[in-house]
Amino acid sequence: MIVGINCGHTVSGSIGSGASGILDESNETRNVGRRLEEYLQKRGVTVVDCTNDYAATVNENLSKITAMANARNLDLFVSIHFNSGGGRGSEVYTYGARKLAAAERVCENMQSLGFVNRGIKDGSSLYVVRRSKAAAMLVEVCFVDTASDAELYKKVGADAVVRAIGDAITGEKEELTMTQYDELKQLIAAQNAKLDAMQNTLNKSQNKMIYNYVDKNMPEWAREAVQWCMDNGIVAGDGNGLNLDDNKLWTCVIIYRLASKLK
Ligand SMILES: [Zn+2]
């Protein structure tokens, strides 16, 4: 597996650097991104660093990032960002809001850490997502300018975020995404329903109805014939009833019709 990691914007304070609030985006994307690279390498992932520290313009920064990513045949391109503008929680941008398994796992793993799950959003208009040859996800870890997010981030620590994203990429911890889990549950429910129906059919064919008396339980088409067979000593009860199944009922009907013809 070969994965491109981009530590967001240029370095803090330079042209094209990230947002700052309680946290500094450029610093924290490097804090998380660099450790993420190590975390993935330890798990056998080939990591391509796609971080650009300095650029003359924002566009230059973005095109340099994409050039690094597209120079290799990546399985996945991951851009790490922190959000700003007021809000709470984590979100992941993919092209056309595609539900990439890794993206779903990032949302779930971040939620497990206590961050609000803002879900997968459409990143088609984001340069690095749109221009990436490989499947791409841009992770907004949390909001730099929301106190509760910044506090939670400091509390759980960058390493926990690294594990959340790293395990999402390798798919090691969570074998199934919630969507896959739901699909599987539906599939199993449908299979069970089919099995139940088959079992019912089987039971019906095995548990033959037995008729012991000429009464309302006996099919109407057979009653007259069975009564005639009893009256003429062709069938008789054994003390527990007549013990007739469907085949025997039908036999009584044939005998009765035959006798009527012969009269
Ligand atoms: Zn950003």
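User: Are Phe-82 and Tyr-153 both buried or exposed?
Analyst: This is a predicted model, where local features need pLDDT of at least 70, side-chain atom pairs count only at pLDDT 80 or more, and totals for chains, interfaces and linings use all residues. Residues are numbered from 1 along each chain as its sequence is written, and side-chain values use heavy atoms, leaving out hydrogens and water. Relative accessible area (1.4 Å probe, protein chains only) under 20% counts as buried, over 50% as exposed and in between as partly exposed. Phe-82 and Tyr-153 are both buried.

User: Which kind of aromatic pair do Phe-82 and Tyr-153 form?
Analyst: Rings of Phe, Tyr and Trp (its six-membered ring) pair if their centres lie within 6.5 Å; planes under 30 degrees apart are stacked, over 60 edge-to-face, the rest tilted. The structure holds three such pairs. With centres 5.2 Å apart and 85 degrees between the planes, Phe-82 and Tyr-153 are edge-to-face.

User: How many residues apart are Phe-82 and Tyr-153?
Analyst: Helices (H or I, at least four residues) and strands (E, at least two) are DSSP runs, numbered from the N terminus. Phe-82 belongs to strand 3 (residues 76–83) and Tyr-153 to helix 5 (residues 147–156), which puts this link between distant parts of the chain at 71 residues.

User: And what is the geometry class of Trp-228 and Tyr-256?
Analyst: Tyr-256 is buried, with a relative accessible area of 19%. The ring centres of Trp-228 and Tyr-256 are 5.6 Å apart and their planes stand at 50 degrees, so the pair is tilted.

User: Which residues coordinate the zinc ion?
Analyst: Donors are N, O and S atoms within 2.8 Å of the metal (3.2 Å for Na, K and Ca); water is not among the atoms, so sites may look incomplete. Here the donor residues follow the spacing H-x15-E-x55-H. Glu-25 counts as buried at 3% relative accessibility, and His-81 is buried at 9%. At 2.1 Å, the zinc ion is held by His-9 (NE2), Glu-25 (OE) and His-81 (ND1).
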